[in-house]
Amino acid sequence: MTKDGGEMAEEQKKKPCRFWIWALASVVFRLILISFPGNLNLSSRPEVSTPLTSIRRLAEGYWLKQASMSPYAGSMYHGSPLLLSVLGPLTVQRIKGHSFLLCSLVFVIADVLSAMLLRGIGQKLQMAYGLNARLLGVLKSSRDKGILPCGDIAALVYLWNPFTIVSCVGLSTSPIENLAVILSLYGAVTRRVPLAAFGLVMATQLSLYPATLTIPIIFILGYGLDAPPLKLFLQIRSVEKEDTSTSAVSKQAKLKPNTRLPFLWKTVVHFVFWVLLWSLYLLVLCGLSLSKYGGLEEMFTRTYGFILSIEDLSPNIGVFWYFFAEVFDFFRNFFLIVFHVNILFLLLPLAIRLKHRPCFLAFIYLAICSILKSYPSVGDAALYLSLWSLFVNELTDMKFSYFLFCGYLGISLLSPVMHNLWIWRGTGNANFYFGNAIGYACFQIVFVVESVSAMLNHDRSLRKSNSNHREVEN
Amino acid sequence: MCKPDQYHSLYKHHFLSPELRDLLRNARSAVIQVSDRLRRFSLDPIMARLVLSLITLLILQSVWVTIAFESKHVEEFSEELLLKPLPDRKVLAHFHFENRAPPSNSHGRHHHLFPKAISQLVQKFRVKEMELSFTQGRWNHEHWGGFDPLSSMNAKPVGVELWAEFDVPQSQVDTSWKNLTHALSGLFCASINFLESSTSYAAPTWGFGVNSDKLRYGSLPREAVCTENLTPWLKLLPCRDRDGISALMNRPSVYRGFYHSQRLHLSTVESGEEGLGSGIMLEQTLTVVLQPDSISGEANIQPSWSLSSLFGRNIVGRCVLAKSSNVYLQLEGLPSHELKNVDPETEADKFWKNAEFELSLKPDRILREINSFLYMFDIDKSSDREPFDLGLTWKLPSKWSCQQAPLHSTRFLMGSGNERGAIAILLKATESQEKLSGEDLTNGRCTIKANIFQIFPWYVKVYYHTLQIFVDQQQKPGSEVLKKINVSPSTDKVSSGMMEMMLELPCEVKSAAISIEYDKGFLHIDEYPPDANQGFDIPSALISFPNHHASLDFKEELSKSPLLSKFKEKSLVRSYTEVLLVPLTTPDFSMPYNVITITCTVFALYFGSLLNVLRRRIGEEERYLKSQAGKRTGKLKQLLSRLKAKIRGRPIEEAPSSSTESQTEVQSSVFSSKLLFKIILVAGAAAAWQYFSTDK
């Protein structure tokens, strides 16, 4: 036993070492890519920069602001005024002919921070998984080799994901949006309520969709981290009562013997209070920075209004641009409502079904948003893919993983080709690129559906193994 | 052609006001009454005739006095034609018609000469000043001149250009503009009403040359100009094209030219008197550049021409309603050089008949300008028998060049592909620059100021922060060269963008270029014109030089010629750049239904499959499957299992042998994923089939 422990400790020493090497390598790789941006020209790729995240539009907004005009004058900039005042001055400075070098450095830092926070979330989740598995009797020892270090995996997936690298080097502001989202999750997981509230408010301010994360964050704060359904613990408890053994008693079961999970109202109220405080603070800041121009009303119409009404029909990897370029004007509002409501419709069923796994719920919400977003980019995919890898322990028997991997790979290779054929060569038409976008949407849908079903199956299999275990004991 | 009696009736109807007509009628009846009375008194017939003629004379005199008194407030019309041989073997003909309506308190309800449609337009929309031009072809600034009043006023951008200044409160300007475009559209048979939408016009502040916040400017580069636009324009003239100078406008010869621009300028003149409204001045010009049929064998001799060879018609008499009708011939450059020392008194003939060239008619007057000679002809004397057919015959080869603007401007697009690009405006120094540069010294530094005014349609999304200025091929920071800049960025589908900038360039500049990047917009399927793949036009940019003014400086005292007094005024030197054609990406116009159905299918797939996964209960499905299996195997087994279940109780019911359950579970999930896969496959096949079918 002691020998085993020593080996384990050695391995654990080695693993972080390897992790840091890989993380450092990813940073170096990014810096190398940044050093020759002209050849890559990633910032103009429609997959990377959308009207909301493009740095050129941000620079234009900053220019307009410097020319004492509203940054939202015209329809160039649609981001947050705070981002403008942070990143704007960096866009003007040219270093050795690289116009956006400082911005790229900011994005690299944001990426590294996000990876570190993801690692923190992963470590928490890993601990919770180990604890729950032991409580359920699936794992016997605390140092079982069966648990994967999901934090390290997620961080590395985030750092080495080509999507993340491309959106970092391609100067889209999505690394910062992702950082805000991950920050809010990190705050919730580590139970730092003000931090969680700040992350959530920031992410919502930057792009409207993370507002859906309110539900999972409340669940995390209210019910605790991801765990198998409460029923299982109750079953075990009943079995244990029968056995009258008190060796391993679940914490939750100890606290409340009834079938309902305890909900920590106090924390949630605390969280809501902080959300209100932060949003008030941000609104005041935005109001101050826009007081000379159109004020907050203009900001909302130009940011959220722009997101919701899908005014820009330039191609991206989503499906809305072509749909709204083709649909008859008469039906435009109808379809706008239908498509936006599609996100909202499934929030509640998912929340009911995955109540016991709030972090996973957050991942599903983010994935759904990235499918149904008005202006999706690969940066969104990068976020949900790394969140997905937080659940490698639970989703080991996910189906179609190879098929999906090939799909994602194929789409990311075909998309530039189709775009080139259509826009630059003029030999293909818009359908080529749209077909690609449809394919991408389908793969994402399969991915989400399979993830949810794998997670539910995991819970089921836990229940089954539990009952088997009992039967064997009986 | 009109017949004499028609003229008479025209004269009668148009020229004499009803009051005058009444007066004449009364006078006639008075004369008749007096003669009756004289006859009754049986006076000597000779005596009677004498008295009668005396009375008639008296009455006529009083009528004359009335007419003379009225003429102060009478409408005036004048017609003029300027002919000018151009250095590149072409001939410019510039028709100029001016119609003045005096200020009147009757609010212009009644007009004799002035077109009622125009005066109603002015009254209704409170137009202070307006200019509308229809142009086909491009003015050649290098050969046809860029620094004379003629080119700065009449070199117009291709298509329709309209600007108007209103005399209404600021909030009503846009409404007035919209109404005005519709009215003009109907009046001139053109699609000027497209300028109504806010995406096609702009409100220049200072870049246009007229500083006013009630000014609106718009242009339609795509508009084709033809006789349908000329006919309504001619209708505004009192004699139309029936008589006078306008009779020369033979449609085939006018439209055969290299350039033709018909312009209508309208301005209100404040009377200053209380109670009186404002007068209107309507100026209509038609500028055509024609290529005379060269008869002479020698290639380097300028082609000789006459009015009849240019237009295929002659001038037969003047328009009787015109106050003045003159024809001018302007000869620039070389001829004036040699004739400078000739005394106009003694050797008058030498001016029009010399070794170099010969005019077919003797000019009535010769006006001398710094660079040119102006021959004036009065067409009063021409008649049916003796038509006015001015001709110019060159005897010796001659060469001259026109005065040019300080900088020659061109504009072009950069970049390829349908995603983005850049617009560049290049200003190149011309020869005349050195002559002009000395004049404007500011802060001890000789500079040329150039204003650039440019409208961008919203689908050209300009990034103003990418503005780069190069002077003599070296990039300069904006603060050094750019003196003033005013930008109003475009809003998608709402308003067009506008850029006004003032460059201050050193006089010795050889070339200056500005470039600005843009993204191409993607339009809704309905926003594309019928021929979407042709591309979209970016209207011409206007380059003006605020420190340079063009005017003709005559040595002689001028007669009251509106055209010449116009030329004598200082006018801003301006030039328009080319219209740019920007190709935009098109969606597949035949696809709306397919796109809607495919997209909705994807959404249904998302919603349905996710909901299916969420609401699925594996346990119940298993129970159902088992009961089905039990039905098949036999009732006894089924009964047994039920019994077993009853004995064990509900919770234990869910615990059958693990191996079979996992198998069935796997089966069912495989079944569901297979179904999913099939759906995707079918959707993919349908999409693929659609592409192939549409491509064919």
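What follows is a set of questions and answers on this model.

Colleague: Before we start, what kind of model is this, and what pLDDT do local features need?

Modeller: It's a predicted model, where side-chain atom pairs count only at pLDDT 80 or more, totals for chains, interfaces and linings use all residues, and local features need pLDDT of at least 70. Residues are numbered from 1 along each chain as its sequence is written, while chains are lettered from A and ligands numbered from 1 in the order in which they are written.

Colleague: Good. Which are the edge strands of the open sheet of 11 strands in chain B?

Modeller: The order there is E5-E6-E4-E3-E7-E8-E2-E1-E10-E13-E12, with mixed pairing. Strands (E, at least two residues) and helices (H or I, at least four) are DSSP runs numbered from the N terminus, and two strands pair if DSSP finds at least two bridges between them. The strands that pair on one side only are E5 (201–202) and E12 (365–368) of chain B.

Colleague: And inside that sheet, what is the bridge partner of Ser133(B) in E7(B)?

Modeller: Strand E3 (127–136) of chain B runs antiparallel to strand E7 (259–269) of chain B, with eight bridges between the two. Within E7(B), the partner of Ser133(B) is Arg263(B).

Colleague: At what angle does helix H8 of chain B run to E7(B)?

Modeller: Two residues are in contact if their C-beta atoms, placed from the backbone, lie within 7 Å. Axes are lines fitted to C-alpha atoms, for helices over the stretch in contact, and angles run from 0 to 180 degrees between N-to-C directions. Helix H8 (227–235) of chain B lies across E3, E7 and strand E8 (279–290) of chain B, and its angle to E7(B) is about 35 degrees.

Colleague: Which residue in the turn of the hairpin of E15(B) and E16(B) has a positive phi?

Modeller: Strand E15 (407–414) and strand E16 (420–429) of chain B pair antiparallel over eight bridges, and Leu413(B) stands opposite Ile423(B). Five residues separate the two strands of this hairpin, and the one with a positive phi, about 90 degrees, is Gly415(B).

Colleague: On to E23(B): which residue there stands opposite Ile423(B)?

Modeller: E16(B) pairs antiparallel with strand E23 (511–520) of chain B over nine bridges. One bridge partner in E23(B) is Ser511(B), which goes with Lys428(B). Opposite Ile423(B) stands Ile516(B).

Colleague: How far apart are the C-alpha centres of domain 2 and domain 3 of chain B?

Modeller: Domain bounds come from an automatic or database domain assignment, which gives chain B domain 1 (4–73), domain 2 (76–302), domain 3 (407–549 + 572–582) and domain 4 (592–695). The contact takes 23 residues from domain 2 of chain B and 27 from domain 3 of chain B. The distance between their C-alpha centres is 25 Å.

Colleague: Now the two chains. Which element gives the most to the side of chain A that touches chain B?

Modeller: The contact takes 53 residues from chain A and 46 from chain B. Elements giving two or more residues on the chain A side include helix H3 (55–66), helix H16 (332–353) and helix H20 (430–473) of chain A. With 18 residues, the top contributor is H20(A).

Colleague: How do H16(A) and H16(B) lie, roughly parallel or roughly antiparallel?

Modeller: H16(A) packs on helix H16 (592–615) of chain B at about 15 degrees, with their axes 10 Å apart. Angles under 35 degrees count as roughly parallel, over 145 as roughly antiparallel, 65 to 115 as roughly perpendicular and the rest as oblique. So H16(A) and H16(B) are roughly parallel.

Colleague: Last one: how do H7(A) and H18(A) lie, oblique or roughly parallel?

Modeller: The axes of helix H7 (162–169) and helix H18 (378–388) of chain A come within 8 Å and cross at roughly 140 degrees. Phe163(A), Thr164(A), Val166(A) and Ser167(A) of H7(A) meet Val378(A), Gly379(A), Ala381(A) and Ala382(A) of H18(A). The orientation of H7(A) and H18(A) is therefore oblique.
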